[in-house]
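Hi,

Here is the structure I promised to pass along.

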Amino acid sequence: MTSKFWSPVVDQLDPYVPGEQPQDQQYTKLNTNESPYPPAPAVAATLAAFDCEALRRYPDPESLALRDALAAYHGLAREQVFVGNGSDEVLAHAFQALLQKSAPILYPDISYSFYPVYCALYRIEYATVPLDAEFRIDIDAYRPGNGGIIIANPNAPTGIALPLDAIRRLLANNRESVVIIDEAYVDFGAESAIRLIEDFDNLLVVQTFSKSRSLAGLRLGAAFGQAPLIEALQRIKNSFNSYPIDSLANACALASIADEDYFQQCRQRIIDSRERLAESLASLDFKVLPSQSNFLLASHAERSAQALYLELKNAGILVRYFNKPRIDNWLRITVGSDTDCDRLLDSLRQILG
Ligand SMILES: *Cc1c(COP(=O)(O)O)cnc(C)c1O
């Protein structure tokens, strides 16, 4: 479809397509990397006690309480913290604020498929850098002279993490460009680059409450970096939407941050389930990439990923299939509860015979 009323850019967009969100709830959903566990109990208590009358007012446009809580949590200053309506919004602002340069930006050939979408929206030129044969990122292939670099660590949909010294080398090799590290999955076993912020004025770290904090429905993301980078994001945000974080999201996020024990428990349970699931998949003849995230990328020795995806869907289990070069024979499987994982394994045993 097109229309003479559209601005020219609309025709040129190739919008991101998220994993299916069936509204009938009859699937075991292992396709969008949501948490199998509820948000911290304090989040439910916050919602129950929320004064509806307060919705009459606009929220704090600067989300100061939330930014202060995140700053304290990570040992940063308020001026080094930005929050947005999901990390997708934070990333969009970062692309516009920090990556719209004359030289092309760089990111891996296999990575989060929203990156090319932002490039089209903001008309940013990019070049992709191939992962190696084992789907690993080669840091030294990110040569200076680029307009910026964005890397998901752990990478998606491979799940493979880079150690912190590799990120440090990437930053040191590219002092003239902004390097964005998208840490959507960092809490499942990788090292955060936040501690490198004091040494590198070109580093922006982006995180989300959607995965490890079980709050995908709340829409909350954050960015961390030295004050001038955060100020750039604030200027874009304040030219776009003064109130991206609503009052409920502010209150629930604070409650989530306050319950550190629950957070640690949930992420450890997912890590344990991931290791069990990886072993079981290997015993069913899947090659499974080493994951530090809450999903596994797996490829069966004989059966095509697309066929398995469809058969699992018929059996009521949704996993993610990407019809894309290099990964079109792989399935991305979210680590669910142990019950979810067992259901998946039972179905796979039936399908594989
Ligand atoms: C899930 C995800 C995001 C986006 O998360 P939000 O729900 O928008 O906070 C960003 N980057 C990667 C790599 C992701 O997988």
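Helix α9 (residues 260–283) packs against helix α11 (residues 338–352) at an angle of about 10°, and their axes are 10 Å apart. Axes here are lines fitted to C-alpha atoms, for helices over the stretch in contact, with angles from 0 to 180 degrees between N-to-C directions. Helices (H or I, at least four residues) and strands (E, at least two) are DSSP runs, numbered from the N terminus. That angle makes α9 roughly parallel to α11 (under 35 degrees counts as roughly parallel, over 145 as roughly antiparallel, 65 to 115 as roughly perpendicular and the rest as oblique). On the α9 side, Ser-273, Arg-276, Leu-277, Ser-280 and Leu-281 meet Asp-338, Cys-341, Leu-344, Leu-345 and Leu-348 of α11, where contact means heavy atoms within 4.5 Å. By class, that contact has six nonpolar, two polar and two charged residues (Ala, Val, Leu, Ile, Met, Phe, Trp, Tyr, Cys and Pro count as nonpolar, Asp, Glu, Lys and Arg as charged, and the others, Gly among them, as polar).

Before going on, the ground rules: this is a predicted model, where local features need pLDDT of at least 70 and side-chain atom pairs count only at pLDDT 80 or more, while totals for chains, interfaces and linings use all residues. Residues are numbered from 1 along each chain as its sequence is written, and side-chain values use heavy atoms, with hydrogens and water left out.

Now the other helix pair. α4 (residues 87–98) and α7 (residues 227–237) pack at about 105°, with their axes 9 Å apart. That makes α4 roughly perpendicular to α7. Among the residues in contact are His-93 and Leu-98 of α4 and Leu-229 and Lys-237 of α7. The contact divides into seven nonpolar, two polar and one charged residue.

On to the ligand. Residues around it (a heavy atom within 4 Å) include Asp-88, Tyr-112, Asp-182 and Lys-211. For polar contacts (N or O pairs within 3.5 Å), a ligand oxygen is 2.5 Å from a side-chain N or O atom of Tyr-185, and a ligand oxygen is 2.5 Å from one of Thr-208. A polar side-chain atom of Arg-219 lies 2.8 Å from a ligand oxygen. The protein covers 92% of the 390 Å² of accessible area that the ligand has on its own (Shrake-Rupley, 1.4 Å probe).

Arg-219 also has a positive phi, near 65°, and sits in the loop between β7 (203–208) and β8 (221–225).

Cheers

Terms used
Polar contact = N/O pair within 3.5 Å; in protein donor to acceptor, adjacent residues only side chain to side chain.
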